[in-house]
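Trainee: I'd like to go through a new structure with you, bit by bit. Please put it up, and start with any term I'll need.

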Amino acid sequence: MSHATSRRSFLGFVAAAALTMIPANLRGAARCGHGHRVQGTHPDPRPGVDASKVLTADQLQNPAAAPVYDMVREMPEIADGIRCTCGCAEIPEYYSLLTCFEEQGMAQWCDICQGQARRAHRLFKQGKTLDEIRASIDARYGTP
């Protein structure tokens with residue numbers, strides 16, 4: 001075993017050990033349809049969810065993000081069934097990728113939120129199911 005390999009193994013072990021010391025509720029957990037936190041899963045889209053809270057172009061501080069907000073507005077039920085992997089699941093009121101495009105509009109500055117939304121929209125336009133879209137997002141960005 002080379003010195004670099006043993007160093008990588010050690011650093012991987014330290015990172016894994018540190019992660020296990022963080023309480024599960026702080027590591028990021030999606031919420032089920034009843035609002036209970038579920039570690040590492042995509043959430044169920046909420047019944048009757050719509051895009052009424054997705055920020056409009058005139059509400060954005062970053063107008064360049066407007067096109068991706070429009071994409072999310074076309075598919076709120078899809079975005080609501082995807083757990084974003086950028087870390088926004090740490091936000092107490094977070095539910096789904098749709099949340100990233102509402103209220104505070106944190107997605108306007110986040111390449112991961114925007115990238116996941118663009119991928120989801122492209123696949124949505126191709127007629128892919130929510131499960132197929134989730135699988136593609138997981139393959140690209142990692143599983144939640």
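Mentor: A polar contact is a pair of N or O atoms within 3.5 Å; within protein, one must be able to donate a hydrogen and the other to accept it, and residues adjacent in sequence count only if both atoms are side-chain atoms. The model here is predicted: local features need pLDDT of at least 70, side-chain atom pairs count only at pLDDT 80 or more, and totals for chains, interfaces and linings use all residues. Residues are numbered from 1 along each chain as its sequence is written, and side-chain values use heavy atoms, with hydrogens and water left out.

Trainee: Which side chain does Ser52 join in a polar contact?

Mentor: Ser52 sits in the loop between strand 2 and helix 2; helices (H or I, at least four residues) and strands (E, at least two) are DSSP runs, numbered from the N terminus. Its polar contact is 2.6 Å, and the partner side chain belongs to Asp50.

Trainee: Is Ser52 buried or exposed?

Mentor: Buried means under 20% relative accessible area, exposed over 50%, and partly exposed is in between (1.4 Å probe, protein chains only). The relative accessible area of Ser52 is 60%, so this serine counts as exposed.

Trainee: How far apart in space are Ser52 and Pro76, C-alpha to C-alpha?

Mentor: Pro76 belongs to helix 3. Along the sequence, Ser52 and Pro76 are 24 residues apart. From C-alpha to C-alpha in space, their separation is 9.1 Å.

Trainee: What is Pro76 in contact with, leaving aside its neighbours within four places in sequence?

Mentor: Pro76 is buried, because its relative accessible area is 8%. Contact means heavy atoms within 4.5 Å. With neighbours within four places left aside, the contacts of Pro76 are Val49, Asp50, Ala51 and Leu98.

Trainee: Let's zoom out. What pattern does the chain follow along the sequence?

Mentor: There are 5 helices and 2 strands in the chain, and buried residues make up 38% of its 144 residues. Of the contacts with a separation of 6 or more, 60% come from residues 24 or more positions apart. Read along the sequence, the pattern is α-β-β-α-α-α-α.

Trainee: Within what arc do the buried residues of helix 2 fall?

Mentor: Helix 2 covers residues 66-74, and its buried residues are Ala66, Val68, Tyr69 and Val72. They line one face of the helix, because, seen down the helix 2 axis (the arc is that of the directions from the axis to the C-beta atoms), they fall within an arc of 160°.

Trainee: Which helices are included in what covers those residues?

Mentor: An α-helix has 3.6 residues a turn, so residues three or four places apart point the same way. As for the cover over the buried residues of helix 2, it includes helix 3 (76-79) and helix 4 (111-125).

Trainee: What is the relative accessibility of Gln114?

Mentor: Gln114 is part of helix 4. Among its contacts beyond four places in sequence are Ala65, Val68 and Phe101. Gln114 counts as buried, because its relative accessibility is 8%.

Trainee: How many nonpolar, polar and charged residues does the contact of helix 4 with helix 5 have?

Mentor: Helix 4 and helix 5 (residues 130-141) pack at about 145°, with axes 10 Å apart (axes are lines fitted to C-alpha atoms, for helices over the stretch in contact, and angles run from 0 to 180 degrees between N-to-C directions). The contact includes Ile112 and Leu123 of helix 4 and Ile133 and Tyr141 of helix 5. Ala, Val, Leu, Ile, Met, Phe, Trp, Tyr, Cys and Pro count as nonpolar, Asp, Glu, Lys and Arg as charged, and the others, Gly among them, as polar. By those classes, the contact has 7 nonpolar, 3 polar and 2 charged residues.

Trainee: Last one: what is the phi of Glu103?

Mentor: Glu103 is in the loop between helix 3 and helix 4, and it is exposed, because its relative accessible area is 58%. Although Glu103 is not a glycine, it has a positive phi of about 40°.
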